[in-house]
Amino acid sequence: MTDLVLALASGAAGGILIALMPRAGDRLRNIVALIFSAAGTLFSWRVAGAVFAGRTIRISGEIAGLAWSLHPDPLGAVFGLIVSTLWLFAGVYSFGYMAEEQKQRTYYTYFLLAFSVTLGVAFSGNLLALYLFYELLTFATYPLVIHERNSEAMKAGSKYIIYSLSGAGAILIAIIIVYSWTGNLDFTGGPLLADCGLRPGLGWVLALFVAGFGVKAAIMPLHRWLPAAMCAPTPVSALLHAVAVVYSGVYGIVRVVYSVFGHELAGQLHLSHILPWVAAFTILVGVIIATQQDVLKRRLAYHTVSQLSYILLGAFTLHPWGLAGAICHMISYSTLKVTLFFGAGIIAKGTGKVRVSEMSGVGWQLPRTMAAFGIASLGMIGMLPLNTFWSKYYLMRGSVAMGKWQLALVLIASGLINAFCFIPTVVAAFAEKGEQPVLEKGSAMGLMLAPTLLLAGIALLIGLWPGLVWPGVDAVVNWFF
Amino acid sequence: MLLVLLPIIPLLGAFALVGTRRTRGKSINIPFVVSSLTLFLGQRVLRDVLGGNPLTYRLPVSGPYVPTFRADALSAIFVLLAAFLWWVVSIYSPEYMKQEGRARSFDISTLLTLSAVLGVFLAGDLFTLLLFFELMTITSFFWVVHRRDEHAIRAGYFYLFFSIAGGLLLALGIVLIGIATSGLPAIGVGPVTPLKPQAFSWGVAVIVAGFGIKAGMAPLHLWLPHAHSVAPTPASTLLSGLLIKVGAYGLIRTGEIAGWGLEFASAAPWLGPVLTALGTCTMLVGVLAALLQSDAKRLLAYHSVSQMGYIILGLGIGLSLGKAGSLGLLGSIYHIVNHALFKAALFLGVGVIYIRTGETDLYNLGGLWRRFPVTAILMFLAVLGIAGAPGLNGYASKTLLHHAVSGAAQTGAPLMVWAERLFLLVGVGTAASFAKLFYLIFLGKPTEIEISGETSQKFHISMAVLAVVMVGIGLRPELFPKALAVPAAQGLGMETAFAGIADLSFWNTGDVAGMIITLGLGILVCYAGLATGAFHWTPPGFLTLEGLGAIVCHSLAAVIRTGEESYHLAIASISEIGRTIRSRLLSACHRLDHSRDGAIGKIALAGISADAAILLVTLAILIVCCTYFDLGLAGLRLPTSLPSWMKISFYR
């Protein structure tokens, strides 16, 4: 209980504290940010540990006659674990990346506030709390998107707000309908709509939910805000636009499908036969568009669009293996994608190169960065020494087990296109050996490099020993099936 | 423990190499030390498993993946073969790489590849196999791109993308087999009885395609000639000598799951005939393409394709005939070993010529036997070996395979009859293309080519080691199958393996005479081809698989481009509509709101007006939903009744 409160509060407290110290030096501010994000991470690990141990943690209350509750279940705990762990890495990376940037106070304030809000999404126990935190997340991350304050950033910010709020509107409608049916929004005690049975309009409610959360989960054609938001500083792109914010959308969809509808009810809807194909479409088209992008961060953004739908595909199979694959992919993809973004950020900071076509020879200037980048690229294909193989394996297994073997072929094709997407970049980076000096020196570079390499190492470790994360995956699957 | 140690030793060797930096002078030849050590350990493993009891070792970890290692006679043969080839090449490569450059990075990738290859052979479950298989792809990629020029990188991409596709197909195959059998079969458990035969069949098919890419099986062999010819010679040797055999090893293990020695009763009865057909095609495609090559290394690479065809053909016959097919399996295993030996010797010989003359184009070479007498003799032995001359190792395994094919042809099945005919034809083609290779390099008219440096004794030592083994096998051809291949086949479930070979004589007049006729015909074809210039013919683009592939790629790219353009068009028109709506909305709001300053129209849409718009849209959708779709919200239903055709029921 206290752990839950502290986990949620530490980010917010840190953010407010930083906002209240306008004159503090960079060093002090970094220390405060580090302490509070480490505290948030520590407490959310404790919460997750308690959840996996089977204990119930619940805080609830009422606003204006409507009940809200915080009640992490295994799915929320896994999401919280991913987010809080990566927040620590991104925090350390930010110290290096933001060292010479302007407006650091604003940056760290919202960076920490967003931490709290994301954990709120993860740990929420009913639809109202989920909705509130989900909306708040949009506003907490908006200042990070417009960090540069130039016209491109402002435009991207508007796009972000418009897309997110329209999605939230759809969710609100769906929540109202669900409330009118059940008089209850709590989803921790079995599927919310299980008692309603099949009734007219059920499919439309699911469609509203999926479309609403699908904006943040970047389902095509609702994805356009994501590449635009890449004008944010790299740690933000890495953490928020590859993991935290987009995961809150994915998490919302998984939550709705499994906790609000339940896999049995959802499986009886026509829609459940269409949704996997929507995800498959996004997977293929997203990665194909990614291969056409020249700006590395945009390429990564479209690639995110594609990879998020892997998770959705697994969730939409409504099969235990598919869900296991989805949870696995949530864990593995986040480590690798953050590595890729961190790598792109180091390249941009070190050499000023942001386009793929300029990358030749970068590998010799930044050998360790590009090594981590290369490892992560292999992971995106789904090759075995990396953790994404396991998610891909279970996703394929789920799709075949539910009789949609074509989806497995989609995953294979996507793996191959992923190879076309990133391998040439890595090879080109090491192709021409010039006389450039190695740039991986200095403390700022070290602060950026350490999390990058560590994450690549973690991805390898999980790939070789999937038993490391398996208890979490297992707990989620057992919770819903 | 021994099993885990084997892949780890080369790994440690690679780390040691990384750690030593570039200390010149008294550095020891780490690859040599490592491969000697693995050779020794491999022999220990072989001794342990020959009794018939496989070794197994499970790593004590939890979770969905428990790495398992396992060795039986088949694995031991492959481990020994790999260690031996690496050992031979480690004698050869230091001198060679001194001239090629970047020796250290080459050695590192060589050691890592050794580790991966040993891991594949010692894997005890499909995941471990796949793990080392993928590692092998990555580490050997560095061989192919070693020269880092445009050519090498192109070939490297070709290699990498094909291999990645192979790995992904294997993963899919594992998925399908796992579903078909409810629980993954471990390697070496013998035939499985699938619960879902359909899924099992597809799984086996996908796995065959995955391994087939590695094995250079037609039509998946496209990457092979490119990759094998641009890599530095020691790497080509190992690629052609051993890495493609990993694909064959995988096919043998796939056959094990489907059932060796089970006569069509196996779960995938189509597997044998399909492999026979594919093997025959591979043989034919490889040898025809080889005849047209002018580059020595490409010629050898196409011959790797062709010889892999022999091996796949043998496996196919072994699977088709069930118990009677033991000769096919034995012949394949035997040919795997023999091909590794003579192909390695051939590549090493061509490498010697290349390092002295800088030339691999056959038509620019000629009359070199005076300058390279020892190389010429050693190459001659290898050429005789691959052509199948009696007294050398190629004869032994080709005889076994020929017995298997003719045995199959006696069943009268048209496929098998044609397989035998083409088998003989390919034998002639092989003899012809190697007659051409040897003639153009060592005999023929001396050309104006500059020869520099000296031939290191180490080159000849490594080739001589191979030649000794080749002649040894050639003179006592029955030793290897009886001592090693039969236990391996029995371990795979082919109980009749010994009976099949017990009364087989390698030296009957029919076989010897047949081989000599084949060689004679080959030389005649070679003469005719050189005299008429037929070897210079280049087939038109659409006839070659590369040409077809290019056509397919271009059309795919065109489709994607069209899709992209229409996407951009659609997005543009949508945003045009959006802009129109926005400006209309804003002006309408402006007119609604009479105040001059702070009008809604002046606030950015990102601010308040977006929320206002969303609230409006929300309300609108809500009303529409409730009326159209009859959601049952009691108080909110509008009193209007809609005509029945407008009511959409999204209800199953």
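Which helix of chain B does B:Leu275 lie in? That would be helix H10, residues 271–291 of chain B. Keep in mind that this is a predicted model.

**B:Leu275 and its surroundings**
- B:Leu275 counts as buried because it has 27 C-beta neighbours inside 10 Å, and the cut-off for that label is 20 or more.
- Setting aside residues up to four places away in sequence, B:Leu275 touches B:Ile312, B:Leu315, B:Gly316 and B:Leu319.
- B:Leu425 sits 150 residues away from B:Leu275 along the chain, and their C-alpha atoms are separated by 19 Å.

**The nonpolar core**
- The largest nonpolar core has 414 residues.
- The members that touch the most other members are A:Leu312, B:Val79, B:Ala82, B:Leu85, B:Val120, B:Leu330 and B:Ala345.
- Take B:Leu330: beyond its neighbours within four places in sequence, its contacts are B:Leu400, B:Pro481, B:Ala485, B:Val486, B:Ala489, B:Ala497, B:Gly500 and B:Ile501.

**Where chain B meets chain A**
- On the chain B side, 45 residues are in contact with 46 residues of chain A.
- Four helices of chain B each give two or more residues to this side: H5 (126–144), H6 (150–181), H20 (545–592) and H21 (605–628).
- H6(B) provides the largest share, with 13 residues.
- By type, the residues on this side of chain B are 33 nonpolar, six polar and six charged.

Terms used: Residues numbered from 1 in each chain as written. Chains lettered and ligands numbered in written order. Predicted model: local features only at pLDDT ≥ 70, side-chain atom pairs only at ≥ 80, totals over all residues. Contact = placed C-beta atoms within 7 Å. Nonpolar A, V, L, I, M, F, W, Y, C, P; charged D, E, K, R; others polar. Core = buried A, V, L, I, M, F, W, Y, C linked by C-beta atoms within 7 Å. Buried ≥ 20, exposed ≤ 12 C-beta atoms within 10 Å, placed from the backbone.
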